[in-house]
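Hello,

Please find the structure below.

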Amino acid sequence: MALVEVQVPDIGDFDEVTVIELMVKVGDTVKAEQSLITVESDKASMEIPSSTAGVVKEMRVALGDKVKQGSIVLVVEAAGAVAAPAVAPAAAVAAPAPASAPVAVAPVAAVAAAPAASGPVQVFVPDIGDFKDVVVIEVMVKPGDTIKVEQSLITVESDKASMEIPSSAAGVLKELKVKVGDTVNIGDLLAVLEGTAVAAAPAAAAVAAAPVAVASAPAAVQTPVAAAAAAVAAPAHAPGGNTVGLPHASPSVRKFARELGVPLDEVKGSGLKGRITADDVQTFTKAVMSGAAQTKAQAAKAPAASGGGGSELGLIPWPKVDFAKFGPIERKEMGRIKKISGANLLRNAIMIPAVTNHDDADITDLEAFRVSTNKENEKSGVKVTMLAFLIKACVAALKKYPEFNSSLDGDALVYKNYWHIGFAADTPNGLMVPVIRDCDKKGVLQISQEMGELAKKARDGKLGPAEMSGATFTISSLGGIGGKYFTPIINAPEVAILGVCKSTMEPVWDGKQFVPRLMLPLSLTWDHRVIDGAAAARFNAFLGQILSDFRRVLL
C-alpha cells in the first residue's frame, strides 16, 4: 500500500480558483477519474478528478480554500502501481502546438482573421477542448442586444464542467443559431452579428494554446483541463449584460436534479455562498413528496383558492361573483403556507374515503397528575401539556393496532416500525405540522420540551422541511380554544388523524350515582381503504382506557 498525494492538474490560465464543493470525505473509496472537489472561477465551475484509485486518508482542502495547479487536494492510500502523475510537466504546457492539430486551431484562427469591417459577422464555437456534443444550458443574449467583444453568449455543460462561450466580435445580435438543449461542437455557427468584426486576439491565442496542455496531460485530467482552457477565453460578463442566471450548483448536482426532475431555481442552497448541494436537492425532493412543499409547476396546476379544479372531476365551474356590487369588500391574497396546505387538504379530502369516530375519554386522574407534575418541575421551565400525554398514549395504541401506523403504496401496505407524531400548530402564517421523532423512546417531559421548541419555531416561521416530514400519525388539538367534536382531514400519506377538543366537567354515572368527571372529546378520522369500523372503534376505546389510567402505557 502506498500513500499518494492527489494534486490539482493543469486548470488553464487561472492563478487561483475557489473550492466550492467537497465530493468525498476521509474513509471513502475513490476510483481513478472520480470527481473529488468542485472549483469555480468567475467564468466556469469544474470538477477535479482523482489521478489514482484508493481510500481517502486525509483531506488537504476545505470549502472556501483557494487552489491552483499543483495544490494537494487529498492523500489516497493506493494499492499497487500508482497512476500517472496528475500534473502535466511544465515543458508539455509550454510546448508549441503540434502540426497535427490544425482542426483545433482552425475555427479560432478563422474568427481571428476576420477583417475589421462593417457587415454580417459569424461567431463560431471556439476550441472547447476534448469535448464532443456539449449541451447548451443557458442562453445569455437575445436578438437585438448589443454585444461586446468577449461578452458571454451561452453557457455549455459537459458531465464534468460548465463554461461560458464568449463572442469574438462586437455588434448587434441579428440571429442566434442555438437554443437551450441544443448540443454544439467546435466550429459550430453560434450567432450572426451586424457590426464590426473585432477579433479577440488574446483570447484566440489562449484557446489555440489550450489543446497543447490537453494533449500532453494524462487521460485522468483531460476533462477539467479542457474545461478550464475554454474558460480562459471567457472573462466576466460585460456590465449590464443580458443574462438569465443559472442556479449556483456544480454540473454533477445539476445532472442529479435533472434526473429527479427538480427545478433548481426553486431549491435553496446551503453550501458556500448559497451553492446548491446534492443534499439540498434530496431535501427539496423529500419535502415535495411529503406535501410539505410544492414546485411552481404544482402550484400552477393546483386548484385555486376559489375552489377551481372542478372540471377535472366533471363538476360544473366554480361560480364567478362580483361581490363588490353587494357592498364594500376588501381583497387579501392568501399566504404561501395556506396556498400549499389548501391544495393538499383538498386533495386529501377528495381522494381519501374518510370516516370519523367520536368518543370521550375520562382524563380526571391524568389531569390531576399533570398539574402535580408541573408543580414539581416548576423550576425546570418545562411545562407538561395534555398533548404530551396524548402523544405517548397514541404511540401505545399505534403499537397495538399497527395498521394505523401504515401507509398505502399501490396495492401494498407499508408498516412503519418507527413512531413519529405530528401535531398541528396554529401560526400567524397558517397551519403547520411539526413532527416529533421517535416518540416511543422519549418521556413525557422530553416530548413537552421538544413540542414547545418546535411550536415556537413554527410561530417564528423558522421550521425547516425536515422538521415537518416523516410523521406516521398526526394529532390536531383544539383543546385551548373550545368546541366539542370535529372531523379532521387525514394528512396523506398517513391513514389516520386524531382530533381533540376542549375537555369539560360532565356528570358520569358510576353505577350508583352521577359523579363529576373531566371528559376529553376525541375525533378519530381514518382511511376506510386501510381501516374498518371495528378496528377504529377498538383503537378509540383502547386510547380512552390509557388516558383514564396512564399506567397502561407501561404494559
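**What was found**

Helix α11 gives six residues to the lining of the second largest pocket, the largest share from any element. Keep in mind that this is a predicted model.

The second largest pocket has a volume of about 960 Å³. Besides α11 (444-459), the elements that each give two or more residues to its lining are α9 (364-376), α10 (386-400), β21 (425-427) and β24 (473-477). In total, 32 residues line this pocket, and T385, L387, S477, G479 and G480 are the ones nearest its centre. By type, the lining residues split into 16 nonpolar, ten polar and six charged.

For the protein as a whole, there are twelve helices and 27 strands. The protein has 555 residues, and 44% of them count as buried. Its accessible surface is about 27800 Å², with 57% of that belonging to carbon and sulfur atoms. If you take the contacts between residues at least 6 apart in sequence, 65% of them join residues at least 24 apart.

Now the two single residues. Is N374 buried or exposed? Its relative accessible area is 16%, and because the limit for buried is under 20%, N374 is counted as buried. A polar atom of the N374 side chain lies 2.7 Å from the backbone nitrogen of V384. V384 is also among the residues in contact with N374 once neighbours within four places in sequence are left aside; the others are V382 and K383.

Is P507 buried or exposed? Its relative accessible area is 61%, and because exposed means over 50%, P507 is counted as exposed. Which residues does P507 contact, leaving aside its neighbours within four places in sequence? They are F514 and V515. A further pair to look at is P507 and R517: these two are ten residues apart along the chain, and their C-alpha atoms are separated by 6.3 Å.

Regards

Methods
Residues numbered from 1 in each chain as written. Predicted model: local features only at pLDDT ≥ 70, side-chain atom pairs only at ≥ 80, totals over all residues. Heavy atoms only, no water. Helix = DSSP H or I, 4+ residues; strand = E, 2+ residues; numbered from the N terminus. Buried < 20%, exposed > 50% of the residue type's maximum accessible area, 1.4 Å probe, protein only. Contact = heavy atoms within 4.5 Å. Areas by Shrake-Rupley, 256 points an atom, 1.4 Å probe, with all protein chains shown as cover. 1 Å grid on protein atoms, 1.4 Å probe; cavity = no way out; pocket = protein on both sides within 12 Å on 5 of 7 lines; lining within 4 Å. Points joined across faces, edges and corners; volume = space filled by probe spheres on them. Nonpolar A, V, L, I, M, F, W, Y, C, P; charged D, E, K, R; others polar. Polar contact = N/O pair within 3.5 Å; in protein donor to acceptor, adjacent residues only side chain to side chain.
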